[in-house]
Amino acid sequence: MIQASNVTLRFGKKALFEEVNIKFTEGNCYGIIGANGAGKSTFLKILSGELEPTQGGIIKTPGERLSVLEQDHFKYDDCVVLDTVIMGNQRLYDIMKEKDAIYAKEDFTEEDGIRASELEGEFATMNGWEAESDAATLLNGLNIDTELHSKQMSELSGNEKVKVLLARALFGNPDILLLDEPTNHLDLDAIRWLEEFLIDFENTIIVVSHDRYFLNKVCTHTVDIDYAKMQLYAGNYDFWYESSQLMIKQMKEANKKKEEKIKELQEFIQRFSANASKSKQATSRKRALEKIELDTLRPSSRKYPYVDFKPNREIGNEVLTVTNLSKTIDGEKVLNNVSFTVGHDDKIAFVGSYGIAATTLFQILAGEMEPDEGDYKWGITTSQAYFPKDNTKDFSGTDTIVDWLMPYSPEKDATYVRGFLGRMLFSGDDGLKKVNVLSGGEKVRVMLSKMMMLGANSLIMDEPTNHLDMESITSVNNGLIKFPGVVLFTSQDHQFIQTIANRIIEFTPNGMIDKVTTYDEYLDSDEMARKRQALS
């Protein structure tokens, strides 16, 4: 059990939290949700002890072990991968190292024997003999190949490090598990594995995530942070949304009835206050009127950008033909003889753990890279807009947001562009920010603004939900559902794929699977499972 007792955190005069009282108990998974800046990650730091609250404190059951998903991807670069995972249980790791040091002594004393015996007993109690195999199982579940387990962390890619740090947090059955955005940079197979792991986990989980499907799958409770307060709901994300909307609806209906009663009383008082025979009744109604209080309907701090892709031209039947495309990068053949045709109703999700293939394909289709072999042809009625996974070079200059967007705007007018930006949550002078100082989420919203201004009927989008908060993801999700053109996209957001795609293409190291289906049907298909197994 871990509990926040009267926790308040202030930065200057601003209170991020005020008098938070909430208890997290064993056997439950709590999803922490709220707008960007609401303090979700900060609250996890308070729970972990990394950050001290202004007042109040954290109460934890004595002796319980708390594990945190580390965010510093370079912290363990000098460590072996398997050791990094086992360090998730620091006491166990320290015992292992002390034992090894004692047994390595040339002058092994009686005191060393006594100490070794004590350590062996504690080691056995902590299931130390299974530590390496348990760590390897976690790494394999997250698709970290066995050959990497003995390498230095510095030799791994960024995404591989993320997975190792996640395995480290999960290792050793911690009593309390704190996870901040655990699905970031995970492929869909790894996310599915993590979902099942957390569903089976019997202790306390507290997780921050922007992945709605993930929260629905694993959470038993939801903690909503809004206006410096925290409200606990029993149920997952969808239950929270329905409950909060129902609460607002009920308050509005109650206020409407109260307003009708107020109007009725006011009319009676106005009509009969000067009438001697009715004055007693009018006075009684005045007292009744004074007792009626309307419920305060405070709007949520959550803000949703306006995302609406409107093509300037209707798309024809001939959209895109890809024929025998191949591409080798750094000696690796990432595209091998790829062929497919896109129809005018297609919204295709490119999925699988071999993400470099889709990124390379998108760069070729957007004209940013040439294939080694093969070709592709866009239909004459098509127009394309491209959302790259890495937008660093797009925002390296010192233009303001307004100036950066002006070439893509249908109206070459700063007032129009600033109005457009206002709908994308850039208010006031935000449009005058330099593009090279924007946050990840701001860059994505600027890129989406560019795509909407272009009015293309064919969208190529490589991980468009990266860096976005849940409200922005929802807006992009709904915008693409409504979009009447063609979409080729990748995403690690299950719900995003399920609600948009009507066709799935999966690249594997040994081939491509192409199926007209929803994402859930694709994942549940025995035929697809057999094909993936045969191709891997």
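1. Let's start with Val85. Leaving out residues up to four places away in sequence, Val85 touches Ala135, Leu138, Leu139, Val164, Ala167, Arg168 and Phe171; a contact here is heavy atoms within 4.5 Å. This is a predicted model, where local features need pLDDT of at least 70 and side-chain atom pairs count only at pLDDT 80 or more, while totals for chains, interfaces and linings use all residues. Numbering runs from 1 along each chain as its sequence is written, and side-chain values use heavy atoms, with hydrogens and water left out.

2. Buried means under 20% relative accessible area, exposed over 50%, and partly exposed in between (1.4 Å probe, protein chains only). Helices (H or I, at least four residues) and strands (E, at least two) are DSSP runs, numbered from the N terminus.

3. Have a look at Pro182, in the loop between β6 (176–180) and α7 (188–200). Why does Pro182 count as buried? Because its relative accessibility is 1%. Neighbours within four places aside, Pro182 is in contact with Leu69, Leu166, Leu194, Val207, Val208 and Phe214. Take Leu166: Pro182 is 16 residues from Leu166 in sequence, and their C-alpha atoms are 7.0 Å apart.

4. Now the aromatics. Rings of Phe, Tyr and Trp (its six-membered ring) pair if their centres lie within 6.5 Å; planes under 30 degrees apart count as stacked, over 60 as edge-to-face and the rest as tilted. The count by this rule is 17 aromatic pairs. One of them, Phe17 with Phe43, is edge-to-face, at 5.6 Å centre to centre and 75 degrees between the planes. Phe17 belongs to strand β2 (residues 14–24) and Phe43 to helix α1 (residues 40–48), so this pair ties together parts that are 26 residues apart in sequence. Phe17 and Phe43 are both buried, and together with Phe24 and Tyr30 they form one aromatic cluster.

5. Two rings also have a charge over them, meaning NZ of Lys or CZ of Arg within 6 Å of the ring centre and within 35 degrees of the ring normal. The charged end of Lys99 sits over Phe123, 4.0 Å from the ring centre. For Arg445 the ring is that of Phe426, with 4.6 Å to the centre.

6. On to an open sheet of 3 strands, in the order β11-β10-β13 with antiparallel pairing. Its edge strands, β11 (332–342) and β13 (373–378), each pair on one side only. Two strands pair if DSSP finds at least two bridges between them. On average, neighbouring strands of this sheet are turned by 20 degrees against each other, direction ignored; axes are lines fitted to C-alpha atoms, for helices over the stretch in contact, and angles run from 0 to 180 degrees between N-to-C directions. Strand β10 (residues 320–329) is joined to β13 by 5 bridges, and Thr323 has Asp375 as its bridge partner in β13. Helix α11 (residues 355–365) lies across β10, β11 and β13, at about 60 degrees to β11.

7. How many residues of strand β17 (residues 503–508) are buried? The count is 6 of 6. Arg503, Ile505 and Phe507 point one way from β17, while Ile504, Glu506 and Thr508 point the other way, and all are buried. As for partners, strand β12 (residues 347–351) runs parallel to β17 and is joined to it by 4 bridges, with Phe350 opposite Ile505. β17 also pairs with strand β18 (residues 511–515), in the antiparallel sense over 5 bridges. Thr508 stands opposite Gly511 in β18, and a hairpin joins β17 to β18 through 2 residues.

8. Finally, the overall picture. The protein has 18 helices and 18 strands, and its C-alpha trace spans about 110 × 75 × 50 Å along the principal axes. Of its 536 residues, 47% count as buried. Among contacts between residues at least 6 apart in sequence, 67% join residues at least 24 apart.
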